[in-house]
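Here is a short briefing on one protein chain. Look over the sequence and the fold before reading on.

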Amino acid sequence: DNVNATIDRLRSFQRSTGDFAYWPGQNYVNEWGTNYAGHFLLEAQKLGYDVSSTILDRWIKAQHKLSREWQMRSSRYDQVTQAYRLYTLALANEPSLGAMNRLREAQQLNDQAAWRLAAAYAVAGKSDVAKEMILKLSTDVEDYTELSGSYGSALRDNAMMLETLTHMGERQKGGALVQVLSNQLSRRRWYGTHTTSYCLLAIGKFVGNQDRSENFTFTY
């Protein structure tokens, strides 16, 4: 019921141009929100929920337009916003390889964006490029919290890295990040809904439908 209500609710956030605003009826695009809302709709559709093709088609068209028009700006989250946009297009089976290559060749591409872009390449079937991109990247992220922009945090970034590694089949590296996320989520501290949901999404994708033993051991 909650998922269906959210799918229906997002209609009031979508602008006539296909992208999404931060508030219902607002006439100003929120680029990160457009990525995030579209990502949710794709994940919901994949799980069998009824998502209007009209909403998705308009969103895909908007994402292509935004990806083509993207220009490097000075904000720290600008590159990762474009990388996330390209990742969602790849998830929608509409990869924008030209825009992906352009971002990949950008000067001073930050690690956050590189991890997200590598996921786009992996989903688009370019696993060799994805592996090359993350070969020398670290999973260590300096602690930070954004209350706007990409609404990011160090833990959210780790979750995105885990998602990338899962797409690439890097189970050993991914398992280490699952442990990091699990330990952090178990602590008594506040996390934004964006961080929490991304951690759960990434862990869920990593666990997937793999066969697991019904027996397990633990210490208490």
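The points below run from the overall fold to single residues.

This is a predicted model. The protein has 10 helices and zero strands. With a radius of gyration of 17 Å, close to the 17 Å that the globule rule gives for 220 residues, the protein is as compact as a globular protein of that length.

**Overall fold**

- Read along the sequence, the pattern is α-α-α-α-α-α-α-α-α-α.
- The C-alpha trace spans about 55 × 45 × 35 Å along its principal axes.
- Buried residues make up 46% of the 220 in the protein.
- Among contacts with a separation of 6 or more, 61% join residues 24 or more positions apart.
- The accessible surface comes to about 12800 Å². Carbon and sulfur atoms account for 48% of that surface.

**Nonpolar cores**

- The largest nonpolar core holds 42 residues. Leu117, Met133 and Leu162 touch the most other members.
- Seven helices each supply at least two residues of this core: helix 4, helix 5, helix 6, helix 7 (127–134), helix 8 (154–168), helix 9 (171–185) and helix 10 (193–207).
- Helix 6 gives the most to this core, with nine residues.
- Another core, of 15 residues, lies apart from the largest one. Its members include Leu42, Val51, Trp59 and Ala92.
- Which residues does leucine 117 contact, leaving aside its neighbours within four places in sequence? They are Ala83, Leu86, Met100, Leu103, Arg104, Leu109 and Met133.

**Helix 5**

- Helix 5 covers residues 97–104, and Ala99, Met100 and Leu103 are buried there.
- Seen down the axis of helix 5, its buried residues fall within an arc of 105°, so they line one face of the helix.
- The cover over these buried residues includes helix 3 (53–69), helix 4 and helix 6 (111–123).

**Arginine 85**

- Arginine 85 is found in helix 4, which runs over residues 78–91.
- Is arginine 85 buried or exposed? Its relative accessible area is 0%, so arginine 85 is buried: the cut-off is under 20%.
- The side chain of arginine 85 makes a polar contact with the side chain of glutamate 31, at 2.5 Å.
- Beyond its neighbours within four places in sequence, arginine 85 is in contact with Glu31, Asn35, Gln63, Leu66, Ser67 and Trp70.

- Most residues other than glycine have a negative phi.
- Asparagine 93 sits in the loop between helix 4 and helix 5.
- Asparagine 93 has a relative accessible area of 66%, over the 50% cut-off, and therefore counts as exposed.
- Where does glutamine 108 stand on exposure? At 77% relative accessibility, glutamine 108 counts as exposed.

How values were computed: Residues are numbered from 1 along each chain as its sequence is written. This is a predicted model: local features need pLDDT of at least 70, side-chain atom pairs count only at pLDDT 80 or more; totals for chains, interfaces and linings use all residues. Side-chain values use heavy atoms; hydrogens and water are left out. Helices (H or I, at least four residues) and strands (E, at least two) are DSSP runs, numbered from the N terminus. Buried means under 20% relative accessible area, exposed over 50%, partly exposed in between (1.4 Å probe, protein chains only). A polar contact is a pair of N or O atoms within 3.5 Å; within protein, one must be able to donate a hydrogen and the other to accept it, and residues adjacent in sequence count only if both atoms are side-chain atoms. Contact means heavy atoms within 4.5 Å. The arc is that of the directions from the helix axis to the C-beta atoms. The radius of gyration is taken over C-alpha atoms; the globule rule is 2.2 Å times the number of residues to the power 0.38. Accessible areas come from the Shrake-Rupley method with a 1.4 Å probe; for residues, only the protein chains shown count as cover. A nonpolar core is a set of buried Ala, Val, Leu, Ile, Met, Phe, Trp, Tyr and Cys residues joined through side-chain atoms within 4.5 Å.
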